[in-house]
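Please study the sequence and the structure before reading the solutions.

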Amino acid sequence: MRRDHERDQCRSAGVDPGAGRLPSGLYDAVLLDRDGTLIEDVPYNGDPEKVRPVPGAREALDRLRAAGLRLAVVSNQSGLARGCFTAEDLRRVNARVEELLGPFDTWQICPHGEPDGCACRKPAPGMVHAAARALGTTAARCVMVGDIGADMTAAAAAGAAGVLVPTPATRSAEVAAAPTVAADLPDAVAEILNRVRLVAAPATPPRRGTVLVVRSDAAGDVLVTGPGIRAVAAGAERVVLLCGPRGRAAAELLPRVDEIIECPLPWIDAPAPPVDPAAMRQLVDRIAAVGAHEAVVFTSFHQSALPLALLLRMAGVPRISAISDDYPGALLDVRHRVPVGVPEPERALSLAAAAGYALPDGDEPGLRLRRDRLPPAPAALGTPGYVVLHPGSSVETRACPPELATRIVRVLAAAGYRVVVTGGPDERELTARVAAAGGLDLGGRTGLGELAAVVARAGALVVGNTGPAHLAAALGVPVISLFAPTVPFAQWGPYRVPTVRLGDAGAACRDTRATCCPVPGHPCLTDVEPGRVLEALRLLGVPADAAEPVGVGPVPGGVAR
C-alpha cells in the first residue's frame with residue numbers, strides 16, 4: 001500500500017517512478033536526518049504549521065524514489081525527553097513532513113536526551129542499523145545524509161556511507177571530517193545517484209575469454225581493487241593478475257584470480273627501480289604468452305596507465321581499458337574518467353563497468369578475501385574479541401606516533417581489553433615498546449595471511465591509513481582509524497565496514513600527499529587522547545574482555561605491512 005501511495009505521489013509531482021530506475025549496486029536506501037536536512041531547523045518544534053522544507057527537497061526525494069531507492073528518516077528528538085512537546089505533537093509534525101515531501105519507508109526516532117546514554121541517539125549507530133533492518137537491507141547498503149558531524153559518525157560506525165550538507169550551525173571541524181560534502185540536499189542526491197551510475201555496467205553479453213587485470217603497488221592498493229577484479233571475473237573465463245612484489249601477498253588472497261604475474265613497474269613502485277630494457281622485453285613476452293583477449297589496467301588516482309598500455313600493445317593485447325586524464329592516442333580502447341573523491345574500490349568498479357563488467361547479483365561491492373587461504377590463528381591469542389593495534393606504516397605520515405600507541409595500549413588494558421600489537425620485522429623495536437604497556441607483541445611474527453588470521457578474530461583494529469585497515473574491511477572487522485589527512489579519507493578510508501575516524505581532519509598537512517610529516521610533532525595524530533579510542537570501541541559495541549589473558553607464542557611468517 002505504501003508503494004502504491006509512493007507511485008501516486010511521484011506521478012502527482014510529474015515524476016515517472018519507473019523512469020531512470022537504477023540497477024541494484026551500491027545502495028538500497030538513503031537515510032535522512034530531519035531537522036536542518038529535510039526541513040528548516042526549528043528547535044524542539046511540536047507545531048506542524050512551522051514545518052518548512054529546505055529548497056528543492058521534494059524534487060530531490062522524488063529523484064531517489066524514481067531511482068528505486070528506499071527512504072528513511074533518522075532523527076534525534078530529545079524534545080520528548082525534555083518535555084518540549086508530546087508524542088502526539090511529534091506524530092503530527094512528522095505527518096506534515098510526509099504531506100509536503102512524500103512518503104518515507106520508515107521513521108526512526110530517538111526520544112532520549114543525551115544524559116540517557118541510549119544506543120539509538122546519534123552519534124551512536126543504533127538508528128542506522130534499525131532503519132536498515134526495517135528496510136530489509138544492511139547498513140553497508142545505505143547512505144546517510146545529514147547536517148552535523150553526529151550524523152556522519154553514526155553512519156560510519158554502522159558501516160554506511162555519509163554525505164554532509166552543512167548549514168550555518170555546522171562546525172568547520174565537522175565539515176573537514178566528513179567523507180563527502182554537498183552544497184545542499186539536491187546536490188547530495190545528485191552525488192548519490194552519480195556514484196550509483198558510475199559503477200553500473202551497460203547491459204552487454206559477457207565476452208568470456210582470458211582477461212589480464214593489472215594492479216601494481218602495495219598490499220592495500222591490491223585489496224581495494226578487489227571488487228573491480230571480481231566484476232571482471234564475473235564476465236571472463238579466466239583472470240590473470242599482474243601485480244608488483246609488494247602486492248603479491250594480497251593478490252594471493254583475492255577471490256576469482258586464476259593466475260598471478262609478479263613484476264615491478266618502475267613508473268609505479270616507490271622507491272622507483274631503474275628501467276631495465278631487458279626486463280621490460282621479458283614482461284612483454286610474458287604478457288603475450290597469456291593470450292589475453294583484453295586487459296583492464298587499474299591504477300590509483302595519481303598514477304598513469306599509459307606506460308603499461310604501450311607494453312600491452314607491444315604484446316598484442318587487442319583491447320585495453322584504463323582510467324586516463326592524459327590523451328592516450330592509440331594506447332587505449334576504453335578511456336575512462338572518474339570524478340575526484342570517489343572511494344578507491346568504487347573507482348576500480350567504475351573502470352570495470354566502463355569496460356563492460358559488473359559484479360553479479362549477490363556479490364556485494366565491498367572488499368573480500370579468500371578465507372580458505374588463511375592459516376590458523378596463533379593459539380596464544382586465546383578466544384576471539386581482542387583489540388589489534390597496528391602502530392606502524394611504510395609511510396611515516398600514516399603511522400601512529402609511538403607515544404600515542406603506548407598510551408592507547410595502557411588505557412585499553414586498564415579498561416579490560418586484551419590488546420595485540422602487530423607490525424613488520426623492521427618494526428619489532430616499536431611493537432615491543434608499545435606492547436610493554438600491557439599488550440601481546442606479535443611484531444615481525446606475521447605475514448599478510450597470518451595477520452589476516454589474527455585480525456579476523458579481533459573485535460576491532462586500531463590502525464592508521466595503511467594496508468591492515470583494508471584487510472580489516474575485507475574481513476568485516478570494525479576499524480578505529482587514526483587517519484592522517486595527507487590523502488582524502490573518502491578515497492582511502494576503510495570501505496563499507498563500521499569505522500570511527502580519529503585525528504585532526506583539518507590539519508595543515510591535509511591533502512599534501514606528504515610521506516614525511518610536514519608539520520613538526522605530527523599534531524594531526526599526537527593530539528588524539530587515548531580515551532577517544534576507548535569511546536570509539538564502546539560506540540562500535542566492542543566489549544572489554546580481559547578474562548582470558550593472551551601470551552606470546554610462536555607465530556610463523558614473515559613481513560606484513
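**Exercise 1. Determine whether Phe-483 and Phe-489 are buried or exposed, then list the aromatic pairs.**

Solution. Both Phe-483 and Phe-489 are buried, where buried means under 20% relative accessible area, exposed over 50%, and partly exposed in between (1.4 Å probe, protein chains only). The model is predicted: local features need pLDDT of at least 70 and side-chain atom pairs pLDDT 80 or more, while totals for chains, interfaces and linings use all residues. Residues are numbered from 1 along each chain as its sequence is written, and side-chain values use heavy atoms, leaving out hydrogens and water.

Next, apply the pairing rule: rings of Phe, Tyr and Trp (its six-membered ring) pair if their centres lie within 6.5 Å; planes under 30 degrees apart count as stacked, over 60 as edge-to-face and the rest as tilted. The count by this rule is two aromatic pairs. One of them joins Phe-104 and Trp-107, edge-to-face, with 5.6 Å from centre to centre and 75 degrees between the planes. The ring centres of Phe-483 and Phe-489 are 4.9 Å apart and their planes stand at 90 degrees, so this pair is edge-to-face.

**Exercise 2. Describe the surroundings of Phe-104.**

Solution. Begin with accessibility: Phe-104 has 0% and is therefore buried, whereas Trp-107 has a relative accessible area of 22% and is partly exposed. Then consider charge. The charged end of Arg-65 sits over the ring of Phe-104, 5.6 Å from its centre; the criterion is NZ of Lys or CZ of Arg within 6 Å of the ring centre and within 35 degrees of the ring normal.

**Exercise 3. How many disulfides does the structure hold?**

Solution. A disulfide is counted when two cysteine sulfur atoms lie within 2.5 Å. For Cys-118, the closest cysteine sulfur belongs to Cys-120 at 3.5 Å, which is too far for a bond. For Cys-263, the closest is that of Cys-243 at 9.7 Å, again too far. The structure holds zero disulfides.

**Exercise 4. At roughly what angle do the axes of helix α2 and helix α4 cross?**

Solution. Helices are DSSP runs (H or I, at least four residues), numbered from the N terminus. Axes are lines fitted to C-alpha atoms over the stretch in contact, with angles from 0 to 180 degrees between N-to-C directions. The axes of α2 (residues 57-66) and α4 (residues 87-101) come within 9 Å and cross at roughly 75 degrees. Therefore α2 is roughly perpendicular to α4, a class that spans 65 to 115 degrees. On α2, Ala-57, Arg-58, Leu-61 and Arg-65 make the contact, and on α4, Glu-99, Leu-100 and Leu-101; contact means heavy atoms within 4.5 Å.

Definitions and conventions. Helix = DSSP H or I, 4+ residues; strand = E, 2+ residues; numbered from the N terminus. Parallel < 35°, antiparallel > 145°, perpendicular 65-115°, else oblique.
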